[in-house]
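Subject: Structure handover

Hi,

Here is the structure for you to look over. My notes follow below it.

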Amino acid sequence: MFFVSPVGHQGRGDAEGSYAPRPVLAAPTVGLLSNTTAAEGVPPSTARGARYVERSHVLRLPSGRWKYLPAAGTASVVVAPGHPAAREQIRQSRAWLAAGRVPGRSPARRAAAERALLAMRALLRPNGALAAGWTPGWKYSWPRDSSFVSAAFAHTGHDAEAYRILRFSAATQRKDGAWDARTRLDGSGPPDGRRWQLDANGWVPWATWQWYQAAPRATRRVRLSVLYPMVRTAADRAAASLRADGLPPPSPDYWELTTTTANIGTAAPLLAGLNASADLAREVNRPDDAARWASAARRLSTGISRTFAPLGYQRTADGRHGHDSAVAFMAPPFNAAPAGLPRALDATYKALLLPNGGLTPGNDPAAPWGGSAWTPSTAFFALAWAGTGRPAKAGQVLDWLLSKRNALGELPEKVDEEGRPASVAPLAWTDSIAVLSLVALDGTALPTPPLRP
């Protein structure tokens, strides 16, 4: 496998310039065993014919025996069904779910939410690092994915996990206020020379704001004071990045490719983050910070309206790179939907829809994605339509997504041309978007950072 940047893009993947290491070519995981402090991937060979014991990470093998990761252990064992220590782990998993909220108005949706919540919990390390997946190449912490998972935990009543992720984000913030594209799980820094991404300066403050909205009121302001230096540095970096036209400079977006002009996948998260930061500044009585970031947010909002809105929020400001599923970042719970966004959502969804029923991230002819659907890109639209008052459309997308869980009930990164789960499972980002969509479809509107006049 050899990484080649598409024409018209600039980027450095971890395989660029050399052959990919052999572990990257190994079969991706399709499930997880976990004791909440350690995890072990379930390969396809082990998963064949196996099922999780309901609401747990104990695997029931075809023989009937159980496979699980003992408490404080780092390697799984196979035991007789009903083994006391395994049963205790099952009880603890179920108690954790019961202590929070499992969204979903149908048994199928609730079961999917339970599995997604348990998967995110399994991918969360004790230090707050959130692995994107449990396969080499994914076993790192992305600030973007981590922010979504923090928000999902916050809105399902798992405050401790949400806050732990934010503390890790604070600990791994660079001195210049930005974040590396991804970080080793021990927090020691990036694993390669992949370029840092400015969108993290939007995602992390947004996630902090989402946590604050759901956090226990008795303690949330004191705990916010611990995170506020991170927010301040991130927001100042975001505000300082804006150019004369109000837009940020070219930066890698969630595709992890750099465009030659500003892209909506960076601009929209930064708008959410600046609005979130300004509102958090008011909460801690920092009016000067609030005014500075609100002013920057207005400049950015104006720049987006002038440049991206006439293009239907396509990928780049020059209009040369087609539609982008990141149009959904202009909708709640990220940003208050501007006029014309519903039409842009519909047009983008139609343009990116594949025969298998899912979406490709974009239709930039210089960056062909092939025939596989990407589950995060598809899930964006469930969340956006739920947030813009179109629950029926959101539900259709979400039900398609949930129908593509693998045999263990895990959501994969991709769905192939034949409609089968593909690539890594579980994927924390997809799990978090699905959970947030289910919360919104339960009738509990997710909050959106306000754009102040």
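Helix α12 passes helix α13 in a left-handed crossing (the near helix is turned anticlockwise from the far one by less than a right angle). The contact (heavy atoms within 4.5 Å) involves Pro391, Ala394, Gly395, Leu398 and Leu401 of α12, and Thr430, Ala434, Ser437, Leu438 and Leu441 of α13. By class, that is 7 nonpolar, 3 polar and no charged residues, with Gly counted as polar. The axes of α12 (391–403) and α13 (428–441) come within 11 Å and cross at roughly 145°. Axes are lines fitted to C-alpha atoms over the stretch in contact, with angles from 0 to 180 degrees between N-to-C directions.

This is a predicted model: local features need pLDDT of at least 70, side-chain atom pairs count only at pLDDT 80 or more, and totals for chains, interfaces and linings use all residues. Residues are numbered from 1 along each chain as its sequence is written, and side-chain values use heavy atoms, leaving out hydrogens and water.

Now the strands. Helices (H or I, at least four residues) and strands (E, at least two) are DSSP runs, numbered from the N terminus. Strands pair if DSSP finds at least two bridges between them.

β1 (31–34) and β2 (39–42) run antiparallel, joined by 4 bridges. They form a hairpin with 4 residues between them. Thr36 in the turn has a positive phi of about 75°. Leu32 stands opposite Gly41.

An open antiparallel sheet has the order β3-β4-β5-β6. Its edge strands are β3 (51–52) and β6 (77–79). Helix α2 (84–99) lies across β5 and β6, at about 65° to β5.

Best wishes
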